[in-house]
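This report covers salt bridges, helix packing and a surface patch. Look over the sequence and the model first.

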Amino acid sequence: MDNKLYNLNYLKELSSGDKEFEDSMISYFISNAPAILENVDQLVADEDWKEIREVIHRFIPNLNMMGAESFIETANTIEVNTEQGINLDTVPGLWLQLKEWSISLIDQLKEDFN
């Protein structure tokens with residue numbers, strides 16, 4: 001893929017050039033994101049809106065760290081909808097989209113940094 005789903009400028013800014021820190025954050029994301037995705041899959045199936053909101057709320061900073069800015073709007077929409085109990089019928093579709101993007105992001109990071 002030529003189009004990268006990530007932009008590590010924010011991570012590089014945070015790290016102040018500490019390559020080891022950057023690598024550890026990328027590795028952390030690659031290692032932990034799949035379990036988060038699996039967890040949210042089950043929460044969506046269970047329609048556990050409160051827990052979905054909490055998990056997505058904690059996942060958004062990870063997406064920010066990887067510079068996955070195109071994902072943030074969808075993640076924020078899921079968070080707001082589940083928090084406010086509105087448009088809950090849209091959450092499974094939004095989640096599926098966010099999950100697919102996240103899997104592609106993980107694959108790109110693995111390919112580029114492993």
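Partly exposed means a relative accessible area between the buried limit, under 20%, and the exposed limit, over 50%. Aspartate 41, at 29% relative accessibility, therefore counts as partly exposed. The model is predicted.

Aspartate 41 has a charged partner. Lysine 99 forms a salt bridge with aspartate 41, with the closest N and O atoms 2.6 Å apart. This pair links distant parts of the chain: lysine 99 sits in helix H5 and aspartate 41 in helix H2, 58 residues apart. The two helices also pack against each other, at an angle of about 160° and with their axes 10 Å apart. H2 and H5 are therefore roughly antiparallel. Their crossing is left-handed.

The structure holds five salt bridges. Among them are these:

| Salt bridge | Closest N and O atoms |
|---|---|
| Lysine 19 and aspartate 23 | 3.0 Å |
| Lysine 99 and aspartate 41 | 2.6 Å |
| Glutamate 79 and arginine 53 | 2.9 Å |

Glutamate 79 lies in helix H4 (residues 69-84) and arginine 53 in helix H3 (residues 49-65), so their bridge ties together parts 26 residues apart in sequence. Glutamate 79 is buried, with a relative accessible area of 11%.

Lysine 19 and aspartate 23 both lie in helix H2, four residues apart, about one turn of the helix. Lysine 19 is partly exposed at 46% relative accessibility. Aspartate 23 is partly exposed too, at 33%.

Which residues form a nonpolar patch on the surface? They are Tyr10, Leu14 and Phe21, with about 260 Å² of accessible area together. Leucine 14 belongs to helix H1 (residues 9-15). Its relative accessible area is 42%, so leucine 14 is partly exposed.

Technical notes:
Residues numbered from 1 in each chain as written. Predicted model: local features only at pLDDT ≥ 70, side-chain atom pairs only at ≥ 80, totals over all residues. Heavy atoms only, no water. Patch = residues over 30% accessible without salt bridge, like charges linked within 9 Å, V, L, I, M, F, W, Y side chains within 5 Å. Areas by Shrake-Rupley, 256 points an atom, 1.4 Å probe, with all protein chains shown as cover. Salt bridge = Lys/Arg side-chain N within 4 Å of Asp/Glu carboxyl O. Buried < 20%, exposed > 50% of the residue type's maximum accessible area, 1.4 Å probe, protein only. Axes fitted to C-alpha atoms, helices over the stretch in contact; angles between N-to-C directions. Parallel < 35°, antiparallel > 145°, perpendicular 65-115°, else oblique. Left-handed = near helix turned anticlockwise from the far one by under 90°.
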